[in-house]
Amino acid sequence: MALVVHLLSCLLGTGSWVAINGVWVELPLVVAAAPEGWLLPSYLTVIIQLANLGPLVFTLAHRFGRLGEVGVIYGVLALGCLSCLLLAFFWGSTSVVAGVPRSTALLALLFFLALVDCTSSVTFLPYMRRFQPVYLTTYFIGEGLSGLLPGLVALGQGVGTPQCHGNGSNTTGNYQAPHFSVQTFFLFLTAMMGLSLASFILLNHLPVAKKEREKETGYTKEDNALRAKVKAEKPSMVQGSAGRCFGSGVYSRPQLAYIFVLLAWVNALTNGVLPAVQSYSCLPYGHTAYHLSATLAALANPMACFLGRFLPSRSLVLLGGLSLAGSLVASYIMAMAILSPCPPLMRSSLGVILIVLCWVLFVGLLSYVKLMIGVILRDEGRSALVWCGAVVQLGSMIGAMAMFPLVSVYGLFQAGQPCGHSCTA
């Protein structure tokens, strides 16, 4: 019966970012009807950062009071279901603001969806600490699927698939009609949010789920084993940890600071910096390279979490090394984006293989790091997981806001064309 709890934990994880991830992959169809056009992704970036008000309020309420996450999760999941449903019917509605047509309904609903997803970062993780440690890994797998599943559905929809005609620089193209409508896609997102809400209700009330819980207060058996080991080696650290905001005594304050800095860095890269340049790094190599990199990179996230279930490592040195390796791979991706629309190897299969492989390695390596940091902080207590979510959002916000002016204001990146090119040999 533990398999049922694993399934419910995974479904809860999919509800964390499925709405915003779904909107991102549907943008090629949405911008075609929106008066904002391709400025809409820039607006969405700003909206997501404004929605960080939700995590900020929850974190402050947790710091200065005892706000529980269960009621907040019910609220945000219900809000997510309602917003997705309204989005399905009103995404194309416009109104005149200062004499200019604007997608007011779309932008307002996107803010509520971003509020839901951002707040999930500081509420879902503390809630999962109520269960045995193994279910946290399953939750992270579900969180990875929140990006993969909408991507696969959008791929089946045929979002932005070009039909190219001609050869070389004279190639032209147009985009084929999607296999189903934007409204149908948003109804799919509504169903996903509904499944996440239903899974949360069952996790709270099913007897089999209650049996898989750890004690709501105190330490788990694994925690006690860790504390016993540390007490024998560093008794002063354990004895002195009682006055801390959180901490099992396993890690010193400098080590915890290192963990949080590492967490902020990897989330800045994976959620802010590199997503802003994915199209610039991939489209010069063709539409197939772009879709393969997006889909396989999204698959690498849950696969890395699944691998972490069987090959866990709490070594801070290893996590630092993997972060460095992922950062080096990210440097190659960024270099290709800067050199767009004429990067090296753009006419060879090797170039396609390299860019796709780099995206898979980048997401896979840093997803494993994020998972292991989550596992480490789980043992540090509920407060550690609240701050874990806050740091995730902080790192993501810094990365996104750093890239916004470079991409949208100064136009430092030039997009490659899926059909044809103007590059000299």
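Contact here means heavy atoms within 4.5 Å. The legends below describe close-up views of a predicted model.

**Figure 1. Helix α12 and the helices it packs against.** Helix α12 covers residues 253–273, which is 21 residues. From its first C-alpha to its last it reaches 28 Å, close to the 30 Å expected at 1.5 Å a residue. The helix has a kink of about 25°, centred on N267. N267 is itself one of the buried residues of α12. Others on that list include L256, F260, L263, L269 and V273.

**Figure 2. Helix α16.** This helix has 30 residues and reaches 43 Å from its first C-alpha to its last, close to the 44 Å expected at 1.5 Å a residue. Of the 30 residues of α16, 21 are buried, so the helix is largely enclosed by the rest of the structure.

**Figure 3. The largest nonpolar core and F362.** In soluble globular proteins, nonpolar side chains tend to be buried together. The largest nonpolar core of this model has 114 residues. Helix α16 gives the most to this core, with 15 residues. The residues with the most contacts inside the core are L87, F186, L274, W359, F362 and L377. Leaving aside neighbours within four places in sequence, F362 is in contact with L269, T270, L274, G326, V329, A330 and I333. Two of these contacts, L269 and T270, are among the buried residues of α12.

**Figure 4. The salt bridge between R130 and E69.** Side chains of opposite charge can pair when their charged atoms come close. In the pair of R130 and E69, the closest N and O atoms are 3.3 Å apart. R130 lies in the loop between α6 (104–128) and α7 (134–157), and E69 lies in helix α5 (residues 69–90), so the pair ties together parts that are 61 residues apart in sequence. Buried means under 20% relative accessible area. R130 counts as buried because its relative accessibility is 19%. E69 is buried too, with a relative accessible area of 2%.

Figure 5. D379 and R314 meet through their side chains in a salt bridge of 2.6 Å, N to O. This pair links distant parts of the chain, 65 residues apart: D379 is in the loop between α16 and α17, and R314 is in the loop between α14 (287–310) and α15. D379 also forms a salt bridge with R378, where the closest N and O atoms are 3.5 Å apart. Shared partners join R314, R378 and D379 into one network. D379 is buried, at 3% relative accessible area, and R378 is buried at 1%, whereas R314 is partly exposed at 32%.

Definitions and conventions
Residues numbered from 1 in each chain as written. Predicted model: local features only at pLDDT ≥ 70, side-chain atom pairs only at ≥ 80, totals over all residues. Heavy atoms only, no water. Helix = DSSP H or I, 4+ residues; strand = E, 2+ residues; numbered from the N terminus. Expected span 1.5 Å × (residues − 1). Bend = angle between axes of the 7 residues up to and from the residue. Buried < 20%, exposed > 50% of the residue type's maximum accessible area, 1.4 Å probe, protein only. Core = buried A, V, L, I, M, F, W, Y, C linked by side-chain atoms within 4.5 Å. Salt bridge = Lys/Arg side-chain N within 4 Å of Asp/Glu carboxyl O.
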